[in-house]
Structure formats: C-alpha cells, structure tokens
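This report looks at salt bridges in a predicted model. The structure comes first.

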Amino acid sequence: DLKATAAMSGLQRSFGLRPFLQRSLQLQHSRLPFNKVDTTALPSISLVSRRNYASKQEPPKEKTFDKILIANRGEIACRVIKSCKKMGIKSVAVHSDVDSNALHARMADEAVCVGTAPSRDSYLRMDRILDAIKATGAQAVHPGYGFLSENREFAKALKENGVTFIGPPARAIEAMGDKIESKLIAKNAKVNTIPGFDGVVKDVDEAVKIANDIGYPVMIKASAGGGGKGMRIAWNDDDTREGFRFSSQEAASSFGDDRLLIEKFIDNPRHIEIQVLLDQHGNGVFLNERECSIQRRNQKVVEEAPSTFLDPETRAAMGEQALALATAVGYFSAGTVEFLVDSKRNFYFLEMNTRLQVEHPITECITGVDLVREMIRVAAGYKLPFKQSDIPIDGWAVECRVYAEDPYKSFGLPSTGRLRQYKEPLHVPGVRVDTGVVEGSEISVYYDPMICKLVTHGKNRTVAINNMKDALDSYVIRGVNHNVSLLRDVLRNQDFIKGNITTKFLYEKYPEGFHGTTLNDTQRNELIAGACYIYLKKLLQSQNYLNSKNQTSLLEKSTSWNLTIVLGDVSYDVVTRFDKNNLILNIDGMKVTMKSESSFASLVLDADINGNKVTMQTISHKQHDIRIQHCGTVFNPVVYTQKEADYVALMPEKPKIDLSPFLTSPMPGVLFSIACEVGQEVSEGEELAVIEAMKMQNSLFAGKSGKVKKVFFKPGDSVGENDVILEIE
C-alpha cells in the first residue's frame, strides 16, 4: 500500500493529474486484485464464437503496441479487449463511477474511472481520458463506436500527445463526419448520391421551401449525425416543420451540432453497407456487404451478411465505389460506406462511418478476418496481409441486436433494471455472443440499452436463421424487458425468409405496432402442452410433502386429469395422462404427445412434442397462472381443473379502468419539455410533452380533450416508466 501511494504521488507530480483522476486512480490501485479476474471463469467473455472468427491461420507475432486504452464501454470494449489478449497486448479500460463493476472494467488489465455516470462527464471527457492515457502509459487508443470514435478533435489531441489513434486520420473523420461535405466529396469521387440540397438549412421556413423544391417525401438529417439520431422523414409541410424542430434538438443533444440537411427520401429502399479496410501503404479491400434493412426509428435491429439481393456485379460496383470514396479522403483503417439500394439495384451513397461498425461480427464470420486485429496492425504501420481476391464469402451470418427494450411500445422503448438471471445460448452451433453484461449487471438509463449482439453463422442462410431461432428460444434474460419476442417473430416472417425486405419492413408487417407472436394451431398446442406439463409436474411433486396446501384430493389417486386451459379469451378442454415419461394430451379432440426430461422449475423447457424439437422458457408458475415464453413471446395460460373452471365462469368480470385522462411516460427518461399548464384546454391528439431517453426524443399526446387538472413534473425532471406526468379533467 505504501508503495502504491508513493507511485501515485509520482504520477501526480509527473502528469499533473486532476484531483478527480487522482482519486480514481487511488481507488483503482486499491482494487488491483479485483482486476486480476480469471476471465475464463466468466461465461460472457469466453471466446465469442465456438468457431474461430479470426484469420484461419494465426500469423507470426508482430510488434504492434505494448498497451492499448479502449475509450469506450460495454460490449465493444469487451470485444476489443479480446483481440488485444490474443495479440499479447495489455489493455486499459476507462469507466464511469456506475460502471466500476462493469464487465469491460473487469476484463481489462487496468481500469481507470474517468467521471460520473452521464456520458458528458465521463466517456466524452477527452481531458480525463488523456490523463488516463498518461497515467497508464498506453501507447494507442481504440475508440470503439459511438462516444469519441468519430471526433476529429480527439484524434488530433492523441496525435499531439504522441499517442496512436486506432482509426482513420482526423482529416478523413472530419470530411466524412459532415454529411454535407461528404456528399460533395462523394460526387467528386464519382460515387452515386441521393438528390438533395447541398448546404446547411438555416431555419424552418427555408426547410419547408427546400422540401417543396426537392419534392416530398424528404429526409431531414443532422449533418454530424449517425445511429438514427437527428433523422426525420417528412411527407408534407407540417412534417417538415415538426421534423426540423426535433432533428435540430436531437442533433444538438447528441452531437453538439444542430446543423441539418435535406435530401430526397428514397421510398422502400434497402439499407446495404460495404465494409472497407485500408492500410497506410495504399492498399485497400472491401469485405463484402451487410444487409441492414430491418430497422426501427432508423436504427438497425437485424442484420445479415451477405445480402440476398445483390448479384456479383452490383456487389463489385458498390465495393469499388466505397473504396474510391475512402481513397479520396486518404482513409486508412476499417470503415463502412452505407448505401440505399432501390428495387432495380440502383444504389446511392448515404454516409460513411469512420469507425468499427456495431454489426462488424457478421463480416468477420463470413470472411474469417478479425477486423479489430487488422485495425491495430494498420495503426502500427503494417500492410494488409491479404488482397481483394483473398476475401471469401464463407456461408451466411445473421445478427440480432438484443436490447433491454419493450418491443410493444414503438418497436422498442428503453427498459432499465438488473439482470436477475442471465444465461447465454452458447450450446447452439455457430453462435457468437458479443456482450458487455453478466448475470447481475445493471442496465441503466445513462447508456445504450444493448444487452448483446447475438450472431449465428451457418453454411447457408437457412442454417444461420434456424440457429438464430434456437439461440433466441434458449437465451435466458430475466429482470428487464427485452426485444427477443420481436426478433423471433421477424425470423419466422415469410417475407424475411424469402429475403423480401426493405427499411419499411417492421412498419409494413406490423402497421398497428408489434403485439407479440400469433401462434398457429401447432404452436398453440405446444404451449398448452407445456403449461399442462408444468402444472401437473408441480402438483404431483407436492404429493411428496405432508400437509401440502397445494395438494388436492382429486389428484391423489388420479391417472388422468380433465383440465381447462384459458388463453386470452379462449378456453380449451384438455384430457391429460402420463405414460412413463410421456405426457399424453387430448386438446379439443387433437392428440398431442410431449416428452421432456426438464423439471417444472427449469428456466428452459426442452421437449419433443409430436416429434418436433421445442424449446420454451418457464418465466413463472403460481398455482394456476403460468407464464411461458414460446416463439419468443411470453404467454400467460391459466390452468384449471374442470370444477375450478366451472366456478370461475360464474365470477363477474373486472371493470376496465379509463386511463385516457392520464398522460404517462412510456419509458424511463428525462422530461425534455411540456407544452401546457394547469387550467389550459387541450385537444385529443395534441402534443403535450416530450421525453428524452438515450438521446432520442419522443412526443406524448393527449388521450382525450379537456382541461389540464394537474402537472406532476417539470422539464429536466427524471421520470420512470408509467409515471403520470399530468392529468386531464
């Protein structure tokens, strides 16, 4: 301890550390043993794939860097640390105070706290990250994605301090980060571009004029934007005025830059992107494409590589234009050029992301290239170890972004909480789980609600999709809402299976929003069988306990049971009996046989039902109420004996409560603005408040006309999910 204190004093004198970082480093040194975690013992950080996603043959050891700091958090920080470990490079994690126990901080060789929970006070604090670099002796920085990854000032600051930025040069970041300038550069590089206004929109009136000149529909976009933030589609003048307001506010909040541009909106396009990789010696390759059309609010949900839509000629043309654009700005490192592709395979430049992309794992799966490793090599000055003809398309890969979100609200509004139970589906063939959480991790309001990127790889698309279905069915996530139900339903959609998708897929398939999976007759009978199995196994076990309150005289000597299963508003009469390990059911005249070795208390219920392999999850089981996850969606079958069902039928229904007078928050977040006051008359459908969550703004509208009776929050207040913001009388 004395040596550590003396070392700290030396660091303070040498680097002039700020008091905050001094305390952070003292705290960090005090928990050094905690950092020496045996990462092989952590389930979420075992090798991310049962198949080696890196190069087929490990190249000879090369001298790159001794120590790399990762200026990020969560799954991408963990992902970079894994490649560092493979390359024999020590890693340094930075974290906020609420992330001190986070997986990325535990995986790294060293970890430094750089601030408090809000990103602006920690992960976006360049000064504190620079101090951490000096204090730890890191020679290079990998920025991951988001945060400072596309901040040219950060790249410049690193260079001025003699630290290598593992990414492109600052000039390329600046040029491609400005959508206005990048579009002009793309035109000059002979890259196909979308028609639009090549300048900054000054105000809302000019926005309306430009939109009319271009012709509706138009896309309003933040010039410095990305990730779906600061983007709105306008179909008329009113949409343009509203879109200008929200886009400029989101752009200012997310990027500190409220400049906007307007361009023609390509209706029903595909979103297909090209992965590029260039070195500092003039060599470059494109690593095929990624299909990213399944989106909500301009944010990707399901991705795959390659695309079902591209032919070899279009793929080559898109790859060549992507490389031409990268070359035009002196680009090196990994980057992604995004295109919109219409039904005739005409493609148009959308933007270039000058960083590692979220969905990079599916490219690694089909090419065998470890992109993080190559970024590190390129930053160290090495040439690419392959040429374009060496890049394969090996099978098919699908990625599902698993978020802590409620998919029944606008296809996914953020959810917060602690992962009470968490088990990854690592037993599924070809699965890869890129995550930054473990059981017990907290999903907070401060950061992106991603739980993991779930990836499956197979010899063809059918195998990859089926593996993904199996992985989602057995992926145990308890404690937070999640979007597995939506992901699972997308995978079973016939148009998705056929590859008939556009960026409007979710909105066309679920025009009234997503409300869970609709089971066919076979799947419904599987659910009923699972509910009966859990109910009877639990009751039969209760007979082993004296004076059990759950025991019923009806079951003491029974060999068969007449049950009624209530699913929603429909009841099913079921006759059941056990034949050794088989549960035999007659469901409204249809015979169903279920065989399972699972306990009624198992989290995952694996069964053979009428010869089909079925995986369900037991969410909870009370005496009659059983909650089961089947095909991704949680159902609540209620199981009664015949006598109990007769009594229940005589009970009056509970009256429904009218909630229209109450304006409630659909998610945890911050009340950004409120557009009314007590005593004000409002109309049904009128915008009354705006909630900001994860730097996205969401309007809340009046459910009825009337007078505002009470307002319970003010702008800037934190609100929880279902908190009442105001009441209308």
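Aspartate 495 and lysine 509 form a salt bridge, with the closest N and O atoms 2.3 Å apart. A salt bridge here is a side-chain nitrogen of Lys or Arg within 4 Å of a carboxyl oxygen of Asp or Glu. Aspartate 495 lies in helix H17 (residues 494-498) and lysine 509 in helix H18 (residues 505-509), so the pair ties together parts 14 residues apart in sequence. Helices (H or I, at least four residues) and strands (E, at least two) are DSSP runs, numbered from the N terminus.

Another bridge joins glutamate 687 to arginine 245, with the closest N and O atoms 3.2 Å apart. Glutamate 687 sits in strand S35 (residues 687-693) and arginine 245 in helix H11 (residues 237-255), so this pair ties together parts 442 residues apart in sequence.

How accessible are the partners? Buried means under 20% relative accessible area, exposed over 50%, partly exposed in between (1.4 Å probe, protein chains only).

| Residue | Relative accessibility | Class |
|---|---|---|
| Aspartate 495 | 25% | partly exposed |
| Lysine 509 | 30% | partly exposed |
| Glutamate 687 | 18% | buried |
| Arginine 245 | 32% | partly exposed |

The whole structure holds 44 salt bridges. One network of them links Glu273, Arg290, Lys300, Glu303, Glu338, Glu359 and Arg401.

The protein chain averages a pLDDT (the predictor's confidence in each residue, from 0 to 100) of 88, and 88% of the residues score at least 70.

Residues are numbered from 1 along each chain as its sequence is written, and side-chain values use heavy atoms, without hydrogens and water. In this predicted model, local features need pLDDT of at least 70 and side-chain atom pairs count only at pLDDT 80 or more, while totals for chains, interfaces and linings use all residues.
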